[in-house]
Amino acid sequence: MDAESLLLSLELASGSGQGLSPDRRASLLTSLMLVKRDYRFDRVLFWGRILGLVADYYIAQGVSEDQLAPRKTLYSLNCMEWSLLPPATEEMEMQTSVVKGRFIGDPSHEYEHTELQKVNEGKKVFEEEVVVQIKEEKRLVSVIDQIDKAVAVIPRGALFKTPFGPINVNRTFEGLSLSEAKKLSSYFHFREPVELKNKTLLEKAELDPSLDFMDSLEHDIPKGSWSVQMERGNALVVLRSLLWPGLTFYHAPRTKNYGYIYVGTGEKNLDLPFML
Amino acid sequence: MEDSVPVNQKIEHQELGETGRPWEETVTTSQKPELGLSEALELEQTPGTGLQPRSSPPGTPRSGAGTRDRPVDDLVGQRSSFPPSSSQELPSTLSPLALARQDFMAPSQSDKTTSVTSEAETSHFGHLEQLSDKGGSTPHQICQSEGNTFHQPQQTKYPLHDLRDVSHTTSKQKELRFDIFQEDDSNNNYHLDQPESGASEVAPSMLEIAIQNTKAYLLKTSSKSGLNLYDHLSEMLTKVLDQRPENAVDIIENISQDVKMEHFSKKLDTLQNENEMLATYEIAEKQKILFLQGNLEGSDQELEDEIAEHALPNIMESAFYFEQAGVGLGTDETYRIFLALKQLTDTHPIQKCRFWGKILGLEMNYIVAEVEFREGEDEEEVEEEDVPEERDNGDSEADEDDEDELPRPFYRAPQAIPKEESRTGANKYVYFVCNEPGRPWVKLPAVTPAQIVIARKIKKFFTGRLDTPIISYPPFPGNESNYLRAQIARISAGTHVSPLGFYHFGEEEGEEEEEIESGRDSFEENPDFEGVQVIDLVESLSNWVHHVQHILPQGRCNWFNPIQKSEEEEEEEDEEKEEEKGEEPDDIEQEVGPPLLTPISEDLEIQNTSPWTTRLSSNLIPQYAIAVLRSNLWPGAYAFSNGKKFENLYIGWGHKYSPDSYTPPVPPPVYQEYPSGTEITEMDDPTVEEEQAFRAAQEAAADSTEENEETEEEEDEEDDYD
């Protein structure tokens, strides 16, 4: 959610139950301003909160001019002092995929994971048990990246693509209409498109290249992994991800208010197929 | 039509006789803006000989005029003010008009076209009358005057209006006659003959009737578009006369289309608007009722106030504290829930009420209220569920008796464990749910041990509709309302905690085993509770205790002995019970200080992580901070305490946390239904080798018999030969 409309956004996203306490809110309002100035971001988004056993991580993301460029992620334990996180790599993701369980809340905490690694010594090949240490910070980075890639949502029309390449915020976006807001196809993944090329020519013919340049939520697997609800009568549409429980996307139709926030334990819901 | 017209005309000519002709010609030759006029004129000619209906299409008058003589050119000249070309402007209307004319016995009255027509008719009639010398009377004169007015600039509608007024009265009669006329020309002729022979006094009424017929025809509504010609033409002419475009005759088709389009656009607008906003307004209406209900309190306020004080908790206060912890639904939503709870307490006899929490669902969410009814006000649905169980038992027994001959299976369905009485154990409280504040509250049924046992084994999302079936393995006995109730019971048992000392047991009870068996399930608020330091609450988990009974694996809080056994076995079971209780701490077993409620420090860990996380709500201002407890076992369960007050809340999806993935249980192995004994032995099917051997043996036997037979035959033959 945009840091500029933080209070309103938190109010709109409060249907999921998790929000921020007043002191955190107040600290965020001030500190995010400073972050935006220091790092020279175009926009600062408050990404959410990962609940740890000892402490919680508060995550913010900074967006530069090109909206789809990789965002810079910062974390803080007290909403005042922000530290930049390194960008996520695939190697990191592979390493951290073996770590299960809750986050501790201490970024320097190290998870120990024993692996069997094949070690070549001369002509012998035998397996050794190697204890691999994985820092929680790395895990944090990769989890945030996974969540962004999987379930970060933006409504159709909020961004537009210029012929030169960079993606800009659409200042004329007035919000989705009520009938559009109830359909999953009006929401896109806020990331580089993956499935767009696989569409048939017939489908592509109906797309508008300046608006439809991202994957829509419609074809997410498993089907039904999004819960779409209207709250407050039809005044607010809330999308909740069932794959990453805790991700809430809200949008007030016909207004410019939209945003997503993640408040959760940072664990994927692998039981989803059983639960539907 | 056009082809037939000359024929008709000829026929009519023959019928009329020659006197009618000149009039017909005048009628046909005169070109009116609406061809109806000319046709009417034709008909008018007949009154002298009787008005005869003519089915002459508009086009024919001209052609007719061409073919016939033109004795009345002067009439044509007089009519020249009407642009001749206009006769072709309404091709679609011409044929109907032609049909209408058939009905014209008397001057028909039709607005616009027919009014002009009638004017022309009357004027013609007037002329005809004069010419035919039928005798003048007032109608003629009227006609004459109308005819004069007719010559006035036709662009003014007023003369049209005048005629219309005149004609309105008689227009009603036309409809019937119209139909009759269409069917039978001869009848028309008959009718026409009557006025023909009659005096001129009858003729005007016939004209009027004819006018009315035409008008009625023009008022006929189209089956496709719902418009009628009368209105359409009047609207069109209104538009033309208002706007006074140049060369109106050239754009008259466009004007006609525009007028038609104007009809449609209005309807679409209203449809769109109504659909979109309806749901929002619906909810707003319902919630408005919530806000207004406060004004409807009557004379029972005093009584209700007393009870209401106890019943309705101060949700806003709890919400404030939870907000410090970062948990909550937003102030407005909480207030609406508050009002909805008040509505609940007003409509039901409730002793105590508490906002339990919110469970998220796929389509809709549930807002849950925990309620305790007043003494003696329990619902009566308890008995219904027991009855079907008994019936089932009876049926199974009956079946067994009938099937004595068949081997008796060993299988006996395990006896259903009866659910706990209301107000005890898992059914201590009654729960109400609603989807949104403002919607009606629905009471959830009591929970049975079987439901809890199976709810532990499945993991399903809630959809938001209480009657959704739960399709799972093991099959859940019930639908979503039962599953919801079971989860609520589990969450309550697992996460409802209070600071140490807040509750204590009212009566002194010893630690005898018997009493432990019966279970300590009643506690009271400790009036001497002095509060616990917030710091203490945060630092040590032993300062919090469960105040809800733990649910045993059986699904109940109080052990139920399902099998009636001898005393020895009972004792054994007693020991087992105690062991179980030792493993899973019962609420009331362990004592820590004066209160006999189990501290949460005794809760099992989840893979080396503590089941609870404690936090101070604010590190910046610790003096006024509150202690916040977050459950790791049931994500979404929170408890807060500021030392003196405490509250529990659950906002989440309603599932337990497990670090391992969910694995559905495996179906049990196939049960051996009956013993394998001498009477019943299941034999294996013969193997292929055995079958082949058997077949070979058979063939061999068959061969040998054949050989025997052959040898016998040979012997016989030999004998024969001998």
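Modeller: Helices here are DSSP runs of H or I with at least four residues, numbered from the N terminus. The model is a predicted one. Under that naming, K239(B) sits in helix α13 of chain B, residues 229-243. The relative accessible area of K239(B) is 17%, and because buried means under 20%, K239(B) counts as buried. Outside the four places on either side in sequence, the contacts of K239(B) are R244(B), I255(B), D258(B), V259(B) and E262(B). One of these, V259(B), lies 20 residues away along the chain, with 8.3 Å between its C-alpha atom and that of K239(B).

Next, the helix pair in chain B. The axes of α16 (residues 315-324) and α17 (residues 331-347) of chain B come within 10 Å and cross at roughly 150 degrees. Because angles over 145 degrees count as roughly antiparallel, that is the label for α16(B) and α17(B). Their crossing is right-handed. On the α16(B) side the contact involves I315(B), M316(B) and A319(B), while α17(B) supplies T331(B), T334(B), Y335(B), F338(B) and L341(B). By class, the residues of this contact are six nonpolar and two polar, with no charged ones.

Last, the strand residue. E231(A) belongs to strand β11 of chain A, residues 226-231. E231(A) is buried, at a relative accessible area of 11%. Its side chain makes a polar contact with the side chain of R240(A), at 3.1 Å. Leaving out residues up to four places away in sequence, E231(A) touches G15(A), L236(A), V238(A) and R240(A), as well as K358(B), N365(B) and E436(B).

Terms used:
Residues numbered from 1 in each chain as written. Chains lettered and ligands numbered in written order. Predicted model: local features only at pLDDT ≥ 70, side-chain atom pairs only at ≥ 80, totals over all residues. Heavy atoms only, no water. Axes fitted to C-alpha atoms, helices over the stretch in contact; angles between N-to-C directions. Helix = DSSP H or I, 4+ residues; strand = E, 2+ residues; numbered from the N terminus. Parallel < 35°, antiparallel > 145°, perpendicular 65-115°, else oblique. Left-handed = near helix turned anticlockwise from the far one by under 90°. Contact = heavy atoms within 4.5 Å. Nonpolar A, V, L, I, M, F, W, Y, C, P; charged D, E, K, R; others polar. Buried < 20%, exposed > 50% of the residue type's maximum accessible area, 1.4 Å probe, protein only. Polar contact = N/O pair within 3.5 Å; in protein donor to acceptor, adjacent residues only side chain to side chain.
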